[in-house]
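Biologist: Please show me the model, and then we can go through it question by question.

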Amino acid sequence: MTGSTFADGTAATRRRPVELVIFDFDGVLVDSEVISARMLVAELALHGIEVDLAYIARHFLGRSYPVVLAQIRAEFGIELPDGFEAAYRARLLAAFEAELRVMPGVVPVLQSLRVPYCIATSSSEPRLKRSMEIAGLTAHFGPRYTTASEVARGKPAPDLFLRAAEKAGVAPEACLVIEDSLPGIRAARTAGMEVWHFRGGSHLDGLDLTTELRLAPKMIFADFARMPHLAPDLF
């Protein structure tokens, strides 16, 4: 998918100027979700659970690890061993060291934004910090991030985005969220924030989410180079 479209086919109207841009991390700032999905498929197969990348994208994308475990338990009736998470995370970080890349066009966008920005992610803080180091994003964000460990409920609950806005001292209705996942879109909308759906990650190639996108984001785009043209007032 190239370019951008308005999700509902109408002209965009903004209730008030954006004072904070909140980026999801995995699948938005870095092209990590396809790596995570591939590793999770392989790890689950070791325990007799056969799923494909499309299943991972539809059921696990944007969700925290406890939610993933609950889904596996409910659908497959399998309780994964205590060491599963540690083994998966170790192999995943090793794969990130070799393969993780920043999403094309992200750095120029960060360098050009004239409003504050931050990260809100379902990832753990250690994974986020190491991923930022690998991708060369640490200097762009510093400590301006919120992780799932800071809130009681993960996406699709609005807690993560509301916490990020609170830390920045910005009202929810003045926030713009950039998300790739359906739970994230739902969370942002429930928080009362404007949300754009970023579809430029490799994990969404060829995946039809038309039905799931009934909770329409304000904008759908797949190239960060387009962002200054879509919201010139932010640059």
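Modeller: Cys 175 counts as buried at 2% relative accessibility, where buried means under 20% relative accessible area, exposed over 50% and partly exposed in between, with a 1.4 Å probe and protein chains only. This is a predicted model, in which local features need pLDDT of at least 70 and side-chain atom pairs count only at pLDDT 80 or more, while totals for chains, interfaces and linings use all residues. Residues are numbered from 1 along each chain as its sequence is written, and side-chain values use heavy atoms, with hydrogens and water left out.

Biologist: How far is the sulfur of Cys 118 from the closest cysteine sulfur?

Modeller: A disulfide is a covalent bond between the sulfur atoms of two cysteines. Here it is defined as a pair of cysteine sulfur atoms within 2.5 Å, and by that rule the count comes to zero disulfides. Cys 118 is itself buried, with a relative accessible area of 7%. The closest cysteine sulfur to that of Cys 118 belongs to Cys 175, and it is too far for a bond, at 7.5 Å.

Biologist: Is Val 177 buried or exposed?

Modeller: Val 177 sits in strand β5, residues 175–179; helices (H or I, at least four residues) and strands (E, at least two) are DSSP runs, numbered from the N terminus. Five of the five residues of β5 are buried, so the strand is largely enclosed by the rest of the structure. Both faces are covered, with Cys 175, Val 177 and Glu 179 on one side and Leu 176 and Ile 178 on the other. At 0% relative accessibility, Val 177 is buried.

Biologist: How far apart in space are Val 177 and Met 193, C-alpha to C-alpha?

Modeller: Leaving aside neighbours within four places in sequence, Val 177 is in contact (heavy atoms within 4.5 Å) with Ile 22, Phe 161, Ala 188, Met 193, Glu 194, Val 195 and Trp 196. Val 177 and Met 193 are 16 residues apart in sequence, and their C-alpha separation is 6.9 Å.

Biologist: Which residue of β5 is the bridge partner of Val 21?

Modeller: Two strands pair if DSSP finds at least two bridges between them. Strand β2, residues 20–23, runs parallel to β5 and is joined to it by four bridges. In β5, the partner of Val 21 is Leu 176.

Biologist: Which residue in β6 is the bridge partner of Ile 178, and what is the hand of the crossover from β5 to β6?

Modeller: Strand β6, residues 194–198, pairs with β5 in the parallel sense over four bridges. The partner of Ile 178 in β6 is Trp 196. The chain crosses from β5 through helix α9, residues 182–190, to β6. A crossover is right-handed if, with the strands pointing away from the viewer, the path from the first strand over the helix to the second runs clockwise, and this β-α-β crossover is right-handed.

Biologist: Which residue caps the N-terminal end of α9?

Modeller: The buried residues of α9 are Leu 182, Pro 183, Gly 184, Ile 185, Ala 187 and Ala 188, and what covers them includes α8 (159–168), β5 and β6. At the N-terminal end of α9, a side-chain oxygen lies 3.0 Å from the backbone nitrogen of Gly 184, and the capping residue is Ser 181.

Biologist: With which side chain does that of Glu 43 make a polar contact?

Modeller: Glu 43 lies in helix α1, residues 33–45, and counts as buried at 5% relative accessibility. Not counting residues up to four places away in sequence, Glu 43 touches Phe 84, Ala 87, Tyr 88 and Arg 91. A polar contact is a pair of N or O atoms within 3.5 Å; within protein, one must be able to donate a hydrogen and the other to accept it, and residues adjacent in sequence count only if both atoms are side-chain atoms. At 2.4 Å, the side-chain partner of Glu 43 is Arg 91.

Biologist: How many aromatic pairs does the structure hold?

Modeller: Rings of Phe, Tyr and Trp (its six-membered ring) pair if their centres lie within 6.5 Å; planes under 30 degrees apart count as stacked, over 60 as edge-to-face and the rest as tilted. The structure's total is ten.

Biologist: What is the angle between the planes of Phe 23 and Phe 224?

Modeller: Phe 23 in strand β2 and Phe 224 in the loop between β7 (219–221) and α10 (227–230) are 201 residues apart, and both are buried. Their rings form a tilted pair, 6.4 Å centre to centre, with an angle of 50 degrees.
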